[in-house]
Structures are given as C-alpha cells and as structure tokens.
Amino acid sequence: MKKLALGIFSAFALLSTSCIKEIEDTFNDLSSIKGITTNPTIAAPLINATATLRDLIDDFTGDLDISTDADGKIILKFKSVDSVPEKQHIILPGINFSFNIIMPPTEVPNFEAAGRYSQIIANDAAISISGNKRLERLVVNQGSLSLNVGSSFKHNTVVKISYPGITKNGKAYSDSFVFAYNGSTPPNIIRNVDLEGYEIDLTKNGSTYNVFTYELGVDITRNPSNNVGLTDKVSFTQDLIVNEYKRIEGYFGKFEIAEIKQTKELELFDKKLEGNVFVKNPTIKIKLTNSFGLPITAKITELYVVSGAGVQTPIVVNMFQDTFNLDYTTNIGQTKITEYIIDKTNSNIYDIINTAPQYIVYKVLFTANSDDLPKANVISDYTTVKQETYLELPVDVKILKYSLETEGDFELGKSLSDLDSNGVYVNWAETVSDIENELPLNAQIQIYIDDSVTNKVIDSVYNPAYIIPAAAVNSLGEITKPTRANISNMITRAQYEKLIKGNRYRLQIRLKTPETSPGVFPFFSFYDFQKIRVKLGVRTNITYRK
Amino acid sequence: MKKNIKLFAFFLLPICLHAQIETTMPALSATHQATYINPAILPAFSTSIGTPLMSGFGLSIGLNGLNARTVISSLDADSFLNIPKLYNNLKGDKIEIDVAVNYEIFHVRFKCKNWYYGINLNTRNITNVRLSNELIGLVANGNDSYAGSTWDASSTAITNIAFNELGFSMARNFDRFNVGGRAKLYQGIGVAQTKDFTLKLNQPKTPTEEISLIAGGVINTASIGVLTDSVNGRASSNDEKAIDYKNFYSMGNLGAGIDLGLTYDVNNRLTLGASIIDFGFINWTNNVNNYSINNADVRSNGLNKEQIDSGKKLNNYLDSLFNLLKPKVSENHFTTFMPWRFYVTANYKFNRRNTIGAVIQGRYLLGSILPAYTLSYARKIGDGFHLTANYSIIGNSYTNIGLGWSLKMGSVQWYLIQDNVLAYFKPDQFQFMSLRLGFNLVFGEIRRPLKVY
C-alpha cells in the first residue's frame with residue numbers, strides 16, 4: 001500500500017511539475033505589468049450663473065456706482081467728491097493796549113479830607129483791520145486774555161475791570177485786583193484767562209463794528225501816615241489774542257476760498273479697444289453744498305475729457321462759460337445746496353461721452369464776496385464747500401463694434417503642464433454651454449493666450465469665437481423673447497499643447513447692439529431685471545498612464 | 001530564490017479549495033477534519049489528535065468576475081494594464097475576491113462509551129471583497145460614459161473578520177441516525193465590515209446640468225485602530241491608529257456559534273446527511289469605530305456668480321460639499337454574523353471500498369448565497385489509504401475537479417485536499433482554489449460492522 005501511495009504522490013508531483021511552466025508563464029505575465037493606463041472622459045458642470053448687466057459691469061469696473069430708476073432702468077454713475085478744506089479763513093488782529101491812572105492833584109485835598117478816592121473809566125478800543133472789512137461777533141475756540149495790573153500808591157487800592165463785550169453764558173467777564181499797602185509797593189497782579197467758549201461782541205450792542213469796549217474802576221482808601229506822590233499810579237496792560245474762532249460774523253471782504261482740481265477715471269471705458277457706445281441721455285450732475293455764510297462765486301477754469309490716446313476734448317457747458325453763484329445761508333449750522341445739470345441740451349456731453357473717454361478732468365475756483373460790497377457774512381470753523389459731481393449714464397445705449405479687453409496671468413498653463421508630467425495626458429477638451437440671454441446685446445468672447453516674454457499670441461481658446469446672441473427684438477427695438485443657445489467648443493490636443501505654453505491671458509469681449517433691420521441700430525434700454533443665464537460644463541478626455 | 005518563491009506560491013494556489021466552499025472534504029470522512037463539514041460524521045479512529053504546527057492548515061481563494069487571464073488579456077503590447085479593456089473583459093456585475101485562512105492550532109477527539117467528544121482551537125480569517133464592476137467602469141471610461149443614467153456601485157461590500165475559534169463537539173449514533181454538534185466560542189481579533197453601502201452618481205445628459213453623488217453606509221471596525229486622521233474634528237493619535245496586538249488573545253470581542261449535523265442511513269448502502277456550520281456571531285466591543293455617512297446627496301450644477309467672484313465663497317461651497325462626504329465617527333458596539341454554510345450530502349456505498357456521493361452546499365454572506373454542487377467518488381485502498389475525486393459546479397464555474405487523500409502510516413494520518421486540480425493546467429483561468437493539509441495522530445481504528453437494514 002505504501003508503494004501505491006508513493007506512486008500516487010509521485011504521479012501527482014509529476015503532474016504538478018508538468019504544469020509549472022504554465023504557472024510560471026502566468027506569473028511572468030502578471031509580474032510584467034508595468035503600470036496601468038486608462039482613457040476616461042470626465043464631465044462636470046462648472047458654472048451655473050445668472051447675471052444682470054449690473055453684475056457684469058461690476059466685474060469689469062469694481063466700484064462703479066450702479067443704480068436704477070423707478071422703472072428699473074440701469075444708470076451708471078461715476079461719482080467724484082471733493083471739498084474745500086476746513087480752515088480759519090479770517091485772521092484776527094490782537095486787541096492790546098495799556099495805560100496808567102493817576103490821582104489828579106486837584107483831587108488830593110479832597111482825598112486827604114475824605115480818606116477815599118474813586119475813578120471809573122469807560123472806553124472803546126478800535127480794532128485795526130484793513131479795507132471795508134467788518135468784525136462784529138465771534139465765538140472763541142482758542143484764545144487768551146492777559147491782564148497785568150499794578151499800583152504804586154502808598155494807600156490801599158482796589159482795581160476793577162469789566163468787559164461788557166466778552167461774555168460767557170450771558171455773563172460779562174469782570175475781575176478785581178486788590179493792592180494793600182504795608183510799607184512797601186505791592187507787586188503787580190497778572191491774570192491769564194482762557195477765552196475758549198467766550199463770545200466777543202465788537203458791535204457795542206449792535207450799534208457799530210470793529211469796536212472793543214471795557215470799563216475800569218479804581219478805588220483808593222487813604223493811609224493817613226502817607227502822602228500822595230505825583231508819580232503814584234495804577235498801571236494796566238491788556239493782551240487779547242484769538243487764535244481760532246468757532247464762528248465769526250461781520251464782513252470779510254473779497255478773498256479766494258480755494259481751487260479744486262480733480263481727475264476722475266471713467267472705469268468701464270478704460271478697457272476699450274475700439275468702437276463706440278452711444279448713450280442716449282448722458283448727464284453730469286453737479287451738487288455744491290455750501291456751509292459758508294457768505295456769497296460764493298464759482299468759476300470752472302478747466303473741464304475736459306481725456307481719451308485712451310491722451311487726446312483732451314473740452315466739455316463745453318453754456319451755463320459755465322462765465323462765473324456762477326452758489327446759494328448761501330446767513331444762519332450758522334445751515335447749508336445751502338446748488339445743483340446744476342449738464343446734458344446734451346446745454347453742452348456737448350453727448351458727443352464727448354460717445355468717444356468713450358477714460359478720464360474727466362475739472363478745476364473750479366471759488367471766490368467769496370466777489371463784488372466786495374459789505375453784507376452779512378458768517379463763517380464757522382467747519383465751513384466748507386462740498387462738491388459732488390455725478391456723471392450719469394442711463395443705459396439707453398446703442399453699441400457698435402465696441403470691444404473691451406482685460407488681461408491677467410495665465411497660471412493654469414503651468415498647472416496643466418505639471419499634470420502632463422504626472423502621467424495625465426489630455427487628449428481633448430470640450431466646453432458645452434447652455435445660454436439664455438434676456439439682454440439686447442450680442443457678445444463675442446475670445447480668450448487669447450500670450451507669451452508675455454515675446455509678447456506674441458500663442459493661440460486662442462475658442463475656435464471660432466464664443467458668441468452669445470442677443471435677445472430677440474422687434475422692429476421697434478423691443479425685446480420679444482430671450483434667446484437660448486447651446487454652444488460647444490472643442491479644444492484639440494494640438495491646440496491644448498500650444499495653450500499650456502502661455503503665461504498671460506487676454507479676455508476680449510466684443511459687444512454689438514442687435515439690428516432691428518439691416519444697418520439700423522436703435523437705442524436699447526437695459527433694465528435690472530434682464531438677466532443672462534449661463535450654464536457651462538466641461539468634458540475632458542484624458543489618458544492616464546503610470 | 002525569488003523564482004522559487006513564485007513557483008511555490010503558484011504551486012500552492014491551484015491546489016486550494018475555493019474560499020469557504022469545500023467540495024472534497026465531505027467525502028474524506030476518515031479524517032477528523034471531515035467533522036468540520038458535518039459534526040455528525042463519526043470518525044474512523046477512537047482518538048485523533050492534532051498538534052500545533054502539524055494539525056492543519058487551510059487556505060481558500062475564490063475569484064468571481066475575473067481571474068488572471070482577465071488581467072493578462074487586458075494588457076497592452078507594452079505590458080500596461082489597460083483598464084477599459086479590463087472592464088470589458090469582466091464577467092457579471094461585480095468582482096468578488098474571497099480569501100479564507102484556517103489554521104488549526106490543535107484538536108483532540110476521543111470516544112467515551114457511545115459518545116465521541118472533541119475539542120479544537122482554530123485561528124481563522126475570512127475576507128470577502130465585492131467590488132462593483134462600475135468602479136472599474138468609472139476609472140475606465142469616466143463619468144461621461146454614464147451620461148443620462150445612474151452609475152451605481154452600491155453592490156460594493158467588504159468584510160474581513162479575524163477570530164479564534166474554540167469548539168467543543170459531541171456525536172453519537174442512534175440506530176440509523178448519527179447526530180453531532182459543535183458549540184463554539186469565538187474570540188474576535190479584528191474586523192472591518194461595510195454595511196448598507198450606497199454609492200451612486202446621477203450623470204446628466206449634458207455636462208451643463210446638475211450632477212449628484214449619493215453616498216451612504218457604515219464601515220464598522222474593531223481592534224484595528226482608527227482609520228482616519230481625525231475623529232469628529234479631533235486629531236487621531238498614533239496610538240489610536242495603531243493595531244493593538246493584545247487583540248489576538250484578549251477576551252474583549254466574544255461571540256458564540258454552533259455547528260449541527262445529522263446523517264441518516266436510508267439503507268445499508270445509502271446515507272443522507274445535512275449540516276449547518278458556523279451559525280454564530282461575534283459581538284465587537286474592543287476599540288470599535290463606526291464610520292458612517294448618512295446617505296449624503298451631494299449635488300452640483302456648477303458655480304454661481306457669487307462663488308466665481310469670491311474665493312471665500314467658493315471655498316465655503318467646496319468645503320460644504322466635502323463635509324457632506326466626511327464620515328461621522330462613533331464608537332458603538334456592533335455584531336457581525338459569521339458566513340454560515342450548509343451541506344446536504346448523499347453517499348452510496350457499493351461496498352466497503354467504493355462510495356459515490358453528491359453534495360449540495362451553500363455559503364451565506366452579506367445577503368447572498370454562493371451555491372455549489374458536487375459529485376464524488378471515494379475509494380479505500382488497503383487499510384489506511386483513502387482517495388477521493390470529485391466534480392463540482394461552483395457558482396458559475398463549471399470546471400472544478402477535486403482530489404484528496406488521507407494516508408495513515410503507523411499512527412500518523414496525512415491528509416491533503418485540493419479542490420481544483422484543473423487550475424494546474426490553466427492557472428490563469430482558475431476561479432476557485434483551496435488547499436487543506438495536515439497531520440493527525442490517530443489511534444484505535446474503529447471497524448464498524450456493515451449494517452443491514
């Protein structure tokens with residue numbers, strides 16, 4: 001039996017051995033596998049976006065102010081704001097004086113008999129100011145009153161000073177100085193008063209102007225052991241300085257307030273390559289907010305636009321050929337607004353805008369009291385003229401072959417190159433689009449890929465260019481229904497290989513108003529409810545081999 | 001050396017039985033290991049002992065949907081595996097890979113009066129990987145090839161269970177009946193198992209329309225460490241990720257199972273048998289993790305204008321999509337049921353030495369039954385040599401010839417079983433291969449009288 005078992009085992013082993021080649025071949029086939037290769041087509045939706053014209057313009061311009069009118073019509077606004085810097089337009093002279101008070105010799109006997117002598121001086125000091133200017137009232141923001149009083153009498157002396165025109169909370173400023181004689185002359189007394197918040201009236205209760213009023217009283221009580229000398233006196237010195245006022249009233253004469261110059265970039269137009277956009281009713285609205293309490297005359301000394309080629313074209317505005325006046329208030333804290341509208345009825349703005357300018361430049365000079373005839377002026381420390389200028393373009397437009405272009409780094413090229421070196425071989429790619437357009441605007445889109453070193457175009461992404469058709473319109477230029485389009489664009493391997501060598505892209509969009517009949521391009525209104533819906537998917541066939 | 005290892009590996013592989021399906025062992029009743037198929041089989045020896053290293057080793061590999069030929073025929077001329085070709089060469093709707101390892105550490109079986117008692121300790125590993133063909137299809141052709149339809153890889157399922165099995169068996173004869181059973185205590189070593197796996201992609205007709213990915217299911221793991229870098233936002237530590245080898249012997253993951261068997265002598269020649277094997281479960285409690293995605297429906301129809309304009313919004317959008325697919329991790333105990341099997345046998349003895357038989361068997365795992373049908377012939381040659389051969393239909397594989405023998409020399413019984421010897425001749429086309437071999441020490445041959453009914 002053992003022999004039999006051995007025989008069977010041997011037969012089995014022989015059988016197994018005879019199959020070794022088969023097994024080895026199989027194993028060799030399997031172990032020879034170098035890697036895997038596959039050839040999938042990957043498809044995915046990329047974009048499902050809805051945009052209005054407002055959204056699209058936002059993308060191109062960044063901070064352009066876009067609004068709508070009551071009907072929803074889109075209005076583009078280029079806003080420019082500037083203002084006259086707040087400053088102290090009026091410089092006030094110092095009110096300084098000094099004098100001495102003596103006891104007249106004729107009064108000495110009476111003094112010695114009665115033991116007392118009193119004197120009151122009420123006086124006006126004139127403000128030194130040139131021309132026909134008038135200072136009437138002011139509220140001090142920063143200023144000081146410095147008093148230096150002394151007495152050489154060998155008697156007890158009291159000096160009282162009062163300023164009816166310097167008040168705070170309705171109370172006039174006054175002060176007193178006491179000199180007690182104790183065998184030697186008492187030292188001078190000095191007072192320094194912070195005048196912030198004080199009101200100074202220079203009209204003597206409304207009867208005049210440029211006048212500063214004060215009252216000084218002297219009261220001497222006799223010391224019987226001492227006489228009155230001929231040189232004994234009370235000395236008084238005042239220095240009043242107003243560095244800043246909070247408010248000042250009067251008449252300040254003719255003076256130049258400021259000259260404002262601004263250069264406003266008209267985004268949207270700055271990327272223009274060619275063609276024209278005709279805006280039906282362009283307007284420039286100028287709003288001048290004046291908080292000066294005096295007549296202001298404005299003079300536009302420069303107003304022009306600059307094209308992409310640097311050509312300056314003046315904007316001619318009939319009403320601004322000469323000076324024009326701003327409304328003003330005579331009440332503190334109030335402002336007056338003056339507005340001007342520049343449109344095609346009073347200027348050449350229609351023609352100007354249709355050249356798609358890139359900048360608008362203007363310079364305005366503001367002058368106060370240009371007739372130099374005294375009248376009530378009031379100025380506060382925050383007084384200014386704020387100027388707001390709006391270039392408003394209601395999007396009632398017709399566009400003829402208008403092209404925009406923007407560019408940027410094409411970083412995708414390097415990423416795709418890296419992909420290639422990692423075993424992914426892109427055979428072809430296809431973009432598939434489903435577009436619904438409610439806008440009355442044809443758009444032709446192309447992306448050029450450049451070599452930024454040689455500045456040469458390598459290739460374009462779309463072949464032919466990507467076209468978004470405008471909404472259907474009738475003979476009156478009204479939109480009858482949105483347009484739907486399914487567009488696919490194939491990128492071949494050869495094209496792909498070119499594109500990934502580029503490092504800069506240029507997005508070029510050519511816009512054109514649809515024709516209502518051959519050669520007829522009406523103005524179309526664009527509304528905020530008109531949308532363009534774009535669904536974009538991509539299909540890519542790759543070979544992966546690694 | 002490398003070549004020898006290759007040859008050794010490929011020598012072993014074809015002589016394996018397919019995973020979990022055993023076509024030859026039922027006919028080799030002279031060995032103790034036959035009782036792993038039907039515990040009612042009464043051994044031919046009053047005592048059988050299996051010792052560590054010698055007792056027995058079983059390795060089963062089953063392939064469904066592909067084999068080596070499928071792969072080789074999918075190679076390009078320059079030996080790159082062409083995935084689209086592979087996808088076209090696949091059969092059925094899924095690839096299934098079964099691997100079962102059964103290492104018998106020891107067994108003792110002895111007779112006491114009319115009863116046969118046994119104890120065995122085995123270490124086992126059962127792996128079943130089912131991959132939907134559509135996974136390969138997606139890699140091969142891309143999602144665009146499913147335009148207008150739903151790509152569905154939800155039939156994908158993975159189970160890997162490693163466990164120790166301690167069995168206590170009893171069997172005896174009652175007239176025409178032999179009755180036997182084996183109670184088992186399972187000690188889980190580690191597991192990873194998917195549950196309710198769903199993965200679908202609704203691909204629109206054109207790439208401009210909405211695409212949606214539906215993903216769901218749970219992966220339960222135990223004792224294999226955390227699989228993710230973070231758990232619910234908290235970074236996983238290296239200790240948490242590591243496998244703790246104490247799991248090989250700790251008593252944390254316990255389960256129980258049973259084998260039941262019966263044979264019935266219809267007459268003195270025909271014996272019918274039936275058994276159910278590995279009917280049990282393991283309750284996993286040690287270092288458990290449940291990674292679940294609750295039927296995420298990730299939809300995208302492209303980026304809207306805000307997302308295109310704002311990098312922050314784009315990132316938020318992409319994060320929201322990825323977060324839907326990020327599994328939530330919990331630590332709930334769970335139960336896995338063993339891949340149980342059933343056998344129905346019929347043996348007809350022409351005489352003491354020649355027997356023919358038929359087996360219908362099936363294995364249940366993850367909701368499906370893999371059936372197999374076997375016709376066998378067994379012959380006893382001399383006193384201690386048993387030889388058997390069989391033909392089986394396993395699943396949709398019709399070319400399975402099995403061979404096996406047991407040879408007793410002195411007290412040593414050597415057995416070797418291989419189910420698909422044809423794999424020797426066409427090693428690149430095998431689908432089921434299995435090997436079971438080992439040595440038993442046997443004492444006291446029982447010579448039962450031929451019954452006459």
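Q: Before we look at strands, what makes two strands count as a pair?
A: Two strands pair if DSSP finds at least two bridges between them. Keep in mind that this is a predicted model.

Q: Fine. Which residue of E3(B) is the bridge partner of Ile36(A)?
A: Leu81(B) is the partner of Ile36(A).

Q: And how many bridges join E1(A) to E3(B)?
A: Three bridges join them. E3(B) covers residues 80-82 of chain B.

Q: Parallel or antiparallel?
A: E1(A) and the chain B strand E3 run parallel.

Q: Zooming out, how many residues of each chain are in contact with the other?
A: On chain A there are 44, in contact with 47 residues of chain B.

Q: Which elements of chain A give two or more residues to that side?
A: Two helices of chain A, H1 (2-18) and H2 (20-31), and the strands E1 (35-38), E2 (41-52), E25 (424-437) and E34 (531-545).

Q: Which one gives the most?
A: E2(A), with eleven residues.

Q: What about residue classes on the side of chain A that touches chain B?
A: That side has 23 nonpolar residues, twelve polar and nine charged.

Q: Switching to chain B, how many helices and strands does it have?
A: Chain B has seven helices and 23 strands.

Q: What does its C-alpha trace span along the principal axes?
A: The trace of chain B spans about 90 × 50 × 50 Å.

Q: What share of chain B is buried?
A: Of its 453 residues, 41% are buried.

Q: And of the contacts in chain B between residues at least 6 apart in sequence, what share join residues at least 24 apart?
A: The share is 68%.

Definitions and conventions: Residues are numbered from 1 along each chain as its sequence is written. Chains are lettered from A and ligands numbered from 1 in the order in which they are written. This is a predicted model: local features need pLDDT of at least 70, side-chain atom pairs count only at pLDDT 80 or more; totals for chains, interfaces and linings use all residues. Two residues are in contact if their C-beta atoms, placed from the backbone, lie within 7 Å. Helices (H or I, at least four residues) and strands (E, at least two) are DSSP runs, numbered from the N terminus. Ala, Val, Leu, Ile, Met, Phe, Trp, Tyr, Cys and Pro count as nonpolar, Asp, Glu, Lys and Arg as charged, and the others, Gly among them, as polar. A residue is buried if 20 or more other C-beta atoms lie within 10 Å of its own, exposed if 12 or fewer, and partly exposed in between; C-beta atoms are placed from the backbone.
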